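Subject: Structure for your review

Dear colleague,

Please find below the structure that I am handing over to you.

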Amino acid sequence: GLDQQGIFRVCGAKKQVRTLRAEFNTTSNMHVQPDTSVHVVAGLIKEFLKELPEALLTKSLYQPFLHCRQLLTLEERLEAYKELIRLLPGPNRDTLQYLLRFFNVVAENCEDRFDNDG
């Protein structure tokens, strides 16, 4: 799974993404089968994020999040990000926390590899 190349770059099979999405939309405690392609799961995550009614970081906090990049020290940036995350609505904050943990696991299990396709 996580050793596959281009987890979020390579598209999953659309039919399988639709099937997984239908299950996701109707099941409160969904379990993804071990043989499900990581690209299909990644496709579902991308669709979920694209179709949120409001951006995960919210429109009202978008500019402050961008401003954090201009802070001079890492400590200042981290403190500013922490404060902005505290200001997010609970569901946004919970989703962001889950996604960041997931992306960290993905990053820990990847190698920087590129093929002829980039």
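The notes below go from the overall fold to the core, the individual residues, the salt bridges and the surface.

Two remarks on how to read them come first. This is a predicted model, in which local features need pLDDT of at least 70 and side-chain atom pairs count only at pLDDT 80 or more, while totals for chains, interfaces and linings use all residues. Residues are numbered from 1 along each chain as its sequence is written, and side-chain values use heavy atoms, with hydrogens and water left out.

Overall fold

The chain contains five helices and zero strands, where helices (H or I, at least four residues) and strands (E, at least two) are DSSP runs numbered from the N terminus. Along the sequence the pattern is therefore α-α-α-α-α. The C-alpha trace spans about 45 × 40 × 20 Å along its principal axes. Of the 118 residues in the chain, 20% are buried; buried means under 20% relative accessible area, exposed over 50%, and partly exposed in between (1.4 Å probe, protein chains only). Among the contacts (heavy atoms within 4.5 Å) with a separation of 6 or more, 62% are between residues 24 or more positions apart.

The nonpolar cores

A nonpolar core is taken here as a set of buried Ala, Val, Leu, Ile, Met, Phe, Trp, Tyr and Cys residues joined through side-chain atoms within 4.5 Å. The largest has nine residues: Ile45, Leu56, Leu61, Phe65, Cys68, Leu84, Leu88, Leu96 and Leu99. Two or more of these residues come from each of α3 (59-68) and α5 (90-108), and α3 gives the most, with three. Another core, of five residues, lies apart from it and includes Val17, Leu20, Met30 and Leu44. In soluble globular proteins, nonpolar side chains tend to be buried together.

Leu61, Phe65 and Cys68 are its buried residues named here; they lie on the same side of α3 because they cover an arc of only 50 degrees around the axis, the arc being that of the directions from the helix axis to the C-beta atoms. Lys59 and Gln63, on the other side of α3, are exposed. Helix α4 (74-87) is one of the parts that cover the buried residues of α3.

Individual residues

Leucine 56, a member of the largest core, touches Leu49, Leu88, Asn92, Thr95, Leu96 and Leu99, when residues up to four places away in sequence are not counted. Threonine 58 sits in the loop between α2 and α3 and counts as buried, at 5% relative accessibility. Leaving aside neighbours within four places in sequence, threonine 58 is in contact with Leu88, Pro89 and Asn92. Isoleucine 7 belongs to the segment before α1 (14-26) and is also buried, at 10% relative accessibility.

Salt bridges

The whole structure holds four salt bridges, each a side-chain nitrogen of Lys or Arg within 4 Å of a carboxyl oxygen of Asp or Glu. Glutamate 47 pairs with arginine 21, the closest N and O atoms being 2.9 Å apart. Glutamate 47 is in helix α2 and arginine 21 in helix α1, so this pair ties together parts that are 26 residues apart in sequence. Both partners are partly exposed, glutamate 47 at 26% and arginine 21 at 27%.

Within helix α4, arginine 86 and glutamate 83 form a salt bridge (2.7 Å, N to O); these two are three residues apart, about one turn of the helix. Glutamate 79 and lysine 82 form another (3.6 Å, N to O), and they too are about one helical turn apart because three residues separate their places in α4. Salt bridges that share partners join Arg21, Glu47 and Glu51 into one network.The surface

The accessible surface of the chain comes to about 9100 Å², of which 55% belongs to carbon and sulfur atoms; accessible areas come from the Shrake-Rupley method with a 1.4 Å probe, and for residues only the protein chains shown count as cover. Phe24, Phe48 and Leu49 make a nonpolar surface patch of about 240 Å². Patches are made of residues with over 30% relative accessible area and no salt bridge, like charges being joined within 9 Å and nonpolar side chains (Val, Leu, Ile, Met, Phe, Trp, Tyr) within 5 Å.

Yours sincerely
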